[in-house]
Amino acid sequence: MSVLEIKNLHVRVDGNEILKGVNLRLDAGQVHSIMGPNGSGKSTLAQVLARRESYDVTQGEVLFDGKDLLAMKPEDAACEGLFLAFQYPVEIPGVSNAYFLRSAVNAVRKYRGQDEMDAMDFLPKLREKMKLLEMDEKFLNRSVNEAFSGGEKKRNEILQMAVLEPKLAILDETDSGLDIDALKVVANGVNAMRSPDRAFLVVTHYQRLLNYIVPDRVHVLVNGRIVRSGGPELALQLEESGYASVGSAAGAA
Amino acid sequence: MSSNTDTIRELAQQEYKWGFVTNIEQESAPRGLNEDIIRFISAKKDEPEFMLEWRLRAYRHWASLEKAQAEPKWANVHYDPIDYQDIIYYSAPKQKPNLKSLDEIDPEIRRTYEKLGIPLAEQKMLAGVAVDAVFDSVSVATTFKAKLAEAGVIFCSFSEAVREHPELVKKYLGSVVPYTDNFFAALNAAVFSDGSFCYVPKSVKCPMELSTYFRINAAETGQFERTLIVADEGASVSYLEGCTAPIRDTNQLHAAVVELVALDNAQIKYSTVQNWYPGDKNGKGGIYNFVTKRGKCAGRNSKISWTQVETGSAITWKYPSCILQGDNSVGEFYSVALTNNFQQADTGTKMIHIGKNTRSTIVSKGISAGHGQNTYRGMVRILKNAEGARNYTQCDSLLIGDKCGAHTFPYIEVKNSTARMEHEASTSKIGEDQLFYIRQRGLKTEDAVSMVVNGFCKRVFRELPMEFAVEAQKLLSVSLEGSVG
């Protein structure tokens with residue numbers, strides 16, 4: 001069953017049409033990658049799916065787990081199980097990571113009619129996930145993303161994903177700003193979460209990340225349209241010959 | 001804490017919930033102010049001659065200021081002229097004279113305090129907090145008296161202190177804020193009707209938190225309370241005040257004076273959660289909070305620390321200050337001031353360094369939402385003989401929406417070249433990015449705003465006693481209700 005189904009999606013940002021009819025279908029258990037040059041609309045797609053309200057959807061339809069995603073507020077989409085790992089994670093001074101994460105988990109649990117977790121139940125679970133991502137204990141009491149290095153911020157996004165256990169995780173340029181060691185840690189975190197009932201949409205500029213998170217499908221987004229789709233080998237091909245080689249080919253998803 | 005978001009959400013949907021009126025019989029002075037009113041108040045309180053004389057001198061001084069139209073106008077706040085002859089200066093709940101025990105308090109007043117979450121019955125008290133409750137102009141109950149007396153701590157209403165401990169009152173009254181200090185301080189000195197008094201004797205650490213709750217109930221009444229806290233050599237005390245008022249569509253004047261005196265090696269921590277009625281969404285009604293608060297670190301190694309959370313009042317005009325006279329003395333000011341709708345606040349502090357190696361810390365967090373206007377006004381003055389003085393000031397403003405304003409007026413005056421001063425300031429806006437990020441993790445907009453605001457204020461909340469820190473967080477959420485569309 002498809003977790004995400006995008007049909008003919010058109011999006012405007014500040015009056016400019018950025019997405020010009022995107023079609024995509026992502027099934028549970030699958031990892032798809034969206035690749036494309038700068039300015040092709042990759043991040044816009046990620047943000048629209050996470051329901052950023054300043055982006056104007058002019059046409060099309062998106063079903064998330066069979067429900068109308070475009071009718072949802074960001075928090076509703078999140079509570080339904082959609083997670084976006086931000087390209088530029090935002091700082092929240094004075095709010096500890098532990099508190100932030102527990103608030104998020106409890107917001108989601110509440111939405112689903114489950115009991116909220118108290119700190120005693122929550123912390124062991126959080127520590128376990130932190131171990132997976134090789135994160136230091138001190139991290140718990142630091143403010144969210146404040147004075148974090150680029151790598152720490154990205155790792156923190158993956159930690160949040162691990163704790164929230166979404167149905168659909170969208171990773172927006174999670175590899176940017178990571179050195180190779182950090183990249184491996186992040187990829188391990190993602191791979192550990194792959195499961196038959198979870199889907200990933202990995203948005204990236206470079207093929208490098210896909211060496212570690214091997215996708216089932218690769219889609220090439222150029223100028224607001226998916227111009228080509230294929231297996232993981234497509235990423236390697238792009239790495240060799242660049243986006244120009246596929247830019248004109250009008251392939252379908 | 002597990003239901004924290006729940007509570008905040010509930011609270012966020014509420015209007016000012018302390019706005020009820022209590023129906024009790026009141027005894028009031030006639031409207032207006034003249035020497036007869038002063039004599040009436042003094043007689044009502046059975047005061048000794050010296051108090052009446054002091055009041056009259058204050059009144060004459062105030063009257064001369066009023067005649068000269070010397071009401072301070074420099075603050076960055078705007079309001080229609082106040083007609084001082086149209087205010088009732090004394091209003092007290094009628095009750096049996098000389099209460100023998102707390103059980104004798106008027107049941108209506110007790111219910112009011114229960115609604116406010118301040119049970120006066122001692123057995124229900126928050127462990128370790130002694131409360132003095134001031135209803136309109138009069139102190140109605142002081143709890144835990146016996147236990148405090150054992151430690152030698154005097155904690156009672158100001159009226160009682162004037163009667164029972166005139167020598168202490170005489171010695172310290174007006175020693176930090178003389179009646180000549182400013183227009184509102186003069187007014188307060190002339191007409192103050194009650195307040196709290198605390199004396200902690202030598203080397204005594206006050207065994208519990210002290211607390212006063214102020215409640216304005218009667219309409220068209222001003223509240224003028226006066227608080228005096230003296231920590232003798234080596235003594236220490238932590239004191240908290242809270243304030244609420246009913247919803248009324250006329251403005252009410254609150255002009256209080258607080259004086260703190262810390263002798264050698266003494267420490268006073270003074271915390272305020274100010275939640276006077278702020279007026280409605282259109283700026284109608286609300287309390288004018290014109291308050292003079294000042295502490296004197298008179299002794300060596302003494303310390304005075306102010307923490308305030310200001311969410312209420314239509315207008316706030318308030319600068320809790322420290323005179324650092326004793327060598328090595330320390331002054332601190334931690335402040336959160338929030339203005340929403342049409343609230344205006346002009347608040348900050350003065351740190352006057354007189355002694356050697358005196359240190360001061362100022363952390364001010366201003367939050368503006370709606371049409372709120374928030375001004376930080378601070379002065380750090382290093383006098384000639386203050387060798388090795390140090391000040392650290394951090395002054396941050398947070399804006400919510402685009403119709404509010406934040407203003408900062410820091411004054412720094414240094415007359416000794418060994419002084420070290422640090423000043424940091426920032427202004428930020430709760431951005432769409434921040435809210436989107438938090439909402440993408442599942443939190444609703446209001447909860448996201450609360451989270452950002454509480455994070456912004458953390459440095460100050462840390463200074464509050466635990467229960468009150470939680471209370472303060474909830475208050476901020478309520479006060480921000482509807483500030484984000």
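**Briefing: cavities and cysteines**

Within the lining of the largest cavity, β19(B) is the element that gives the most, with 4 residues. This is a predicted model, in which local features need pLDDT of at least 70, side-chain atom pairs count only at pLDDT 80 or more, and totals for chains, interfaces and linings use all residues. Residues are numbered from 1 along each chain as its sequence is written, chains are lettered from A in the order in which they are written, and side-chain values use heavy atoms, without hydrogens and water.

**Cavities**
- A cavity is a set of points, on a 1 Å grid over the protein atoms alone, where a 1.4 Å probe fits but cannot get out; lining residues have an atom within 4 Å of a point.
- There are 6 cavities of 30 Å³ or more, and the largest cavity holds about 90 Å³ of space.
- Lining this largest cavity are 16 residues, and those closest to its centre are Ser364(B), Gly366(B), Asn374(B), Thr375(B) and Tyr376(B).
- Strands (DSSP runs of E, at least two residues) are numbered from the N terminus; β17 (330-339), β19 (359-368), β20 (373-382), β21 (390-399) and β22 (405-414) of chain B each give two or more residues to the lining.

**Cysteines**
- The structure holds 0 disulfides over all chains, a disulfide being a pair of cysteine sulfur atoms within 2.5 Å.

Definitions and conventions: 1 Å grid on protein atoms, 1.4 Å probe; cavity = no way out; pocket = protein on both sides within 12 Å on 5 of 7 lines; lining within 4 Å. Points joined across faces, edges and corners; volume = space filled by probe spheres on them.
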